[in-house]
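Biologist: Before we discuss the packing, please show me the sequence and the structure.

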Amino acid sequence: MPSRPSAAVWPVVHSERQALISDLESLTPDQWTQPSLCSGWDIHDVLAHLVDTAKTTRLRFLRQMIAARFDFDRANKDGITRARAAAPEETLAEFRRVRNTTKTPPAAPATRLVEAIVHGEDIRRPLGIFHSYPGESVEAALRYQLKTGIFLGGGKERAEGFSLQASDSRFGHGSGPQVQGTLLALLMAVSGRPASPEDFSGEGATVFVRGLEQGDRGAGDR
């Protein structure tokens with residue numbers, strides 16, 4: 001499947017942003033400070049990151065990277081500092097204001113799907129919130145991550161040496177011992193998020209999960 005054109009991506013991104021807003025509107029103060037799946041970031045931090053990226057144009061991205069001396073971790077941290085309001089409700093209000101923007105850094109449109117889905121789960125899973133994503137969009141995000149290196153926020157290296165097979169679609173990738181899981185489970189795993197052995201099956205599942213546990217899930221994967 002080729003990358004989804006920008007015109008097809010944005011309606012999904014806008015819909016997912018609105019769905020996340022709805023899920024966050026009733027959070028308690030304690031929930032906002034709960035750790036997310038992004039190491040070192042709480043729920044409020046991830047939301048602030050989403051606000052910052054929703055405002056980021058190509059030119060602004062380049063300026064931010066120059067200011068951060070091309071350190072992605074530092075650029076992300078600076079972005080959170082800019083976008084994180086004193087109260088989570090204020091940050092959420094700003095996210096609501098920018099939810100329908102179509103601004104993007106100099107990257108493929110599929111990165112917006114990756115962001116909306118993966119960061120949505122970074123927030124929802126620790127809070128015990130279930131959300132169903134469009135399968136076609138999850139697959140497009142997964143395909144992008146599998147062709148993009150970890151240094152650029154992808155997960156190509158995490159899948160090397162395995163045959164990935166989605167249990168909820170016809171999607172398949174790579175060669176080697178088979179690892180089967182849902183599109184969402186595969187996307188989160190190759191994006192560097194904690195993986196549960198129960199989410200995968202196949203002859204390569206144990207080694208695949210072990211490799212993820214031993215790998216680097218630092219801020220550079222965000």
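Modeller: In this predicted model, Leu164 is in contact with Leu146, Ala159, Phe171, Gly172, His173, Val179, Leu186, Val190 and Phe208, its neighbours within four places in sequence being left aside.

Biologist: What makes these residues contacts of Leu164?

Modeller: Contact requires heavy atoms within 4.5 Å, and Leu146 and Phe208 are among the residues in contact with Leu164.

Biologist: Which residues touch the most other members of the largest nonpolar core?

Modeller: They are Leu142, Leu164, Phe200 and Phe208, in a core of 36 residues. Two or more residues come from each of α1 (6–24), α7 (110–127), α8, β1 (163–166), α10 and α11 (205–214). The largest share, eight residues, is that of α10. Another core lies apart from this one; its 21 residues include Leu27, Ile43, Val46 and Ala83.

Biologist: Why are α8 and α10 called roughly parallel?

Modeller: Helix α8 (residues 135–146) and helix α10 (residues 183–190) pack at an angle of about 30°. Angles under 35 degrees count as roughly parallel, and α8 and α10 are therefore described in that way. Their axes are 9 Å apart, and α8 passes α10 in a left-handed crossing.

Biologist: Which residues of α8 and α10 meet?

Modeller: From α8 come Gly135, Val138, Glu139, Ala141, Leu142, Gln145 and Leu146, and from α10 come Leu183, Leu184, Leu186, Leu187 and Val190. Nine residues of this contact are nonpolar, two are polar and one is charged.

Terms used:
Residues are numbered from 1 along each chain as its sequence is written. This is a predicted model: local features need pLDDT of at least 70, side-chain atom pairs count only at pLDDT 80 or more; totals for chains, interfaces and linings use all residues. Side-chain values use heavy atoms; hydrogens and water are left out. Axes are lines fitted to C-alpha atoms, for helices over the stretch in contact, and angles run from 0 to 180 degrees between N-to-C directions. Helices (H or I, at least four residues) and strands (E, at least two) are DSSP runs, numbered from the N terminus. Angles under 35 degrees count as roughly parallel, over 145 as roughly antiparallel, 65 to 115 as roughly perpendicular and the rest as oblique. A crossing is left-handed if the near helix is turned anticlockwise from the far one by less than a right angle, and right-handed if clockwise. Ala, Val, Leu, Ile, Met, Phe, Trp, Tyr, Cys and Pro count as nonpolar, Asp, Glu, Lys and Arg as charged, and the others, Gly among them, as polar. A nonpolar core is a set of buried Ala, Val, Leu, Ile, Met, Phe, Trp, Tyr and Cys residues joined through side-chain atoms within 4.5 Å. Buried means under 20% relative accessible area, exposed over 50%, partly exposed in between (1.4 Å probe, protein chains only).
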